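Hi there,

Here is the structure I promised to pass on. Have a look at it first, and then read on for what I found.

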Amino acid sequence: MALTRKQWNNIIILACIFIIAVLTFMDKKTHNVPSDAQLLFDDNAPLAQLQLDGVWLHKQASGWECDPLVLNCAQWAKAWQGLKVSPLSEAPQPTGKPQELVIQIAEIRQSQRWIYFPEDGVLKSPAGNWYLVPPSLRADLQPILDAKSTS
């Protein structure tokens, strides 16, 4: 049974509507931050500096300063400064490669060593507590590095 041009057009239109509906549904689900998510850094404990696998970020009086390799300094600083996380009741079994995260809070001399698993979106605090980073916030937590300077 051969399909007419009109029938093919109707099939293509319905397929497009279905794809748009699926993509809209996925967009709404991934951009929402869970209701139990809390700011990791706030006015009482503002981020002063951060080091992620040797690449650093530092708060100056005039704004944020980054490692010379970082191309997206302002975006990277904003992502970490406004990071929201959800506490996990059970320890996850991350499968990705861990990154060492050293955090310095303003007016606290002692730095904190965290472990970040970017593929899984989980953070492990120095106290052994686990936190989940919402999927919509994960991409901006990685710096964009200058490939010319690293080679």
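The accessible surface of the protein chain is about 10,400 Å², and carbon and sulfur atoms account for 56% of that area. As for the interior, 30% of the 151 residues count as buried. Please keep in mind as you read that this is a predicted model.

Now the overall build. The protein chain has four helices and nine strands, and their order along the sequence is α-β-β-β-β-α-β-β-β-β-β-α-α. The chain is more spread out than a compact globule, because its radius of gyration is 21 Å, well over the 15 Å that the globule rule gives for 151 residues. The C-alpha trace spans about 75 × 40 × 30 Å along its principal axes. If we take the contacts between residues at least 6 apart in sequence, 54% of them join residues at least 24 apart.

In the model, residues 7–26 are 100% helix and 0% strand, with the end C-alpha atoms 29 Å apart.

Finally, the aromatic side chains: the structure holds three aromatic pairs. In one of them, the ring centres of Trp 114 and Tyr 131 are 5.9 Å apart and the ring planes meet at 40°, so this pair counts as tilted. Trp 114 sits in strand S7 (residues 112–117) and Tyr 131 in strand S9 (residues 130–132), so the pair ties together parts that are 17 residues apart in sequence. Both Trp 114 and Tyr 131 are buried.

Best wishes

Note on methods. Residues numbered from 1 in each chain as written. Predicted model: local features only at pLDDT ≥ 70, side-chain atom pairs only at ≥ 80, totals over all residues. Heavy atoms only, no water. Helix = DSSP H or I, 4+ residues; strand = E, 2+ residues; numbered from the N terminus. Phe/Tyr/Trp six-rings, centres within 6.5 Å; stacked < 30°, edge-to-face > 60°. Buried < 20%, exposed > 50% of the residue type's maximum accessible area, 1.4 Å probe, protein only. Rg over C-alpha atoms; globule rule 2.2 N^0.38 Å. Contact = heavy atoms within 4.5 Å. Areas by Shrake-Rupley, 256 points an atom, 1.4 Å probe, with all protein chains shown as cover.
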